[in-house]
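Me: I am new to this structure and would like to learn how to read it. Could you walk me through some of its features?

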Amino acid sequence: MSGPPVGGEVRAAEPVGEPPPVIEGGGVTLRPPDPDDAAMLFPATHRTHAAVWTYMAYGPWTHERAMSEWIASTVGSEDPRWWTAEVEGDPVGMAALMNRDRANRRVEIGHIWYSPSAQRTTVNTEVAYLLLRESFDHLGCRRVEWKCDALNEPSRKAALRLGFAFEGVFRNHMIVKGRNRDTAWYAMIDEEWPTARARLEEWLYQTPREAGRPVRGLSSGGG
């Protein structure tokens, strides 16, 4: 007599190390945060572009020193594990791997923000690709998550373009800056990664470019 249905067996996890301090891409380098990054990031994200911080739990800051002190607080953090995104030697934003669950081989890509100079370029796609590659290929993750305010339409569209699948909205999930946040939940699992990887690499590194950007868009890959 058979019992109730159960999930398939999962192979034991292989021992893995920690993410490297520097991750090199074709056009973007991810390297440890430096409080001195505020010298460029503060004016780029505050004087006329403070909307960068609308959906973040922190920022904007009243002065450069305050932002520098916040960046200093991210240095050495293990979870979230932060990186500064650097293009041609200049910092253009930050991103992190967070909520890492080693036992269940799961991690989240989050804390993503960029200066306006990096928006509508390939920076966000390449940063996400590098962190996905790190998560699946080096950390041995079975699942990588992407979460955002349900009202953050650009982030939701980015998740689908990257190949994440929409899994639902967690209502009244958080209180951020005194406001309700419903959280849209997306994820990619290990069996989906090879297809997403090939599509991202082809778009980032093989598609012809005009004015530094691929001549065609990256179509949604997550359904």
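**Aromatic rings**

Reply: Happy to. A search of the whole structure, which is a predicted model, finds 14 aromatic pairs.

Me: How is a pair of aromatic rings described?

Reply: By two values, the distance of the centres and the angle of the planes. Take W61 and W70: their centres are 5.1 Å apart with 40° between the planes, and the pair is tilted. W61 and W70 are both buried.

Me: And which kind of pair do the rings of W70 and W82 form?

Reply: Here the centres are 5.4 Å apart and the planes stand at 90°, so this pair is edge-to-face. W70 belongs to helix α2 (residues 64-74) and W82 to strand β3 (residues 81-87), so the pair ties together parts that are 12 residues apart in sequence. W82 is buried, as is W70.

Me: Which residues do ring pairs link into a cluster?

Reply: The cluster is made up of W53, Y58, W61, W70, W82 and W113.

**A buried charge**

Me: Let us turn to R156. Where is it found?

Reply: R156 sits in helix α4 (residues 153-162). It is buried yet has no salt bridge.

Me: Why does E153 not count as a salt-bridge partner for R156?

Reply: A salt bridge needs a side-chain nitrogen of Lys or Arg within 4 Å of a carboxyl oxygen of Asp or Glu.

Me: What lies 3.0 Å from a polar atom of the R156 side chain?

Reply: That is the backbone oxygen of A150. Leaving aside neighbours within four places in sequence, R156 is in contact with C148, D149, A150, F166, V169, A184 and Y186.

**A helix and the loop before it**

Me: How can I check the length of helix α3?

Reply: Count 1.5 Å a residue: the 16 residues of α3 (residues 123-138) should span 22 Å, and the end C-alpha atoms are 21 Å apart, which agrees.

Me: How many of the residues of α3 are buried?

Reply: 14 of the 16 are, so α3 is largely enclosed by the rest of the structure. The helix is followed by G140, which has a positive phi near 70°.

Me: Is S117 buried or exposed?

Reply: S117 counts as exposed, at 58% relative accessibility. Its place is in the loop between β5 (106-114) and α3. From C-alpha to C-alpha, S117 and A44 are 8.1 Å apart in space, while 73 residues apart in sequence.

Definitions and conventions
Residues are numbered from 1 along each chain as its sequence is written. This is a predicted model: local features need pLDDT of at least 70, side-chain atom pairs count only at pLDDT 80 or more; totals for chains, interfaces and linings use all residues. Side-chain values use heavy atoms; hydrogens and water are left out. Rings of Phe, Tyr and Trp (its six-membered ring) pair if their centres lie within 6.5 Å; planes under 30 degrees apart count as stacked, over 60 as edge-to-face and the rest as tilted. Buried means under 20% relative accessible area, exposed over 50%, partly exposed in between (1.4 Å probe, protein chains only). Helices (H or I, at least four residues) and strands (E, at least two) are DSSP runs, numbered from the N terminus. Lys and Arg count as positive and Asp and Glu as negative; His and the chain ends are not counted. A polar contact is a pair of N or O atoms within 3.5 Å; within protein, one must be able to donate a hydrogen and the other to accept it, and residues adjacent in sequence count only if both atoms are side-chain atoms. Contact means heavy atoms within 4.5 Å. The expected span of a helix is 1.5 Å times one less than its number of residues.
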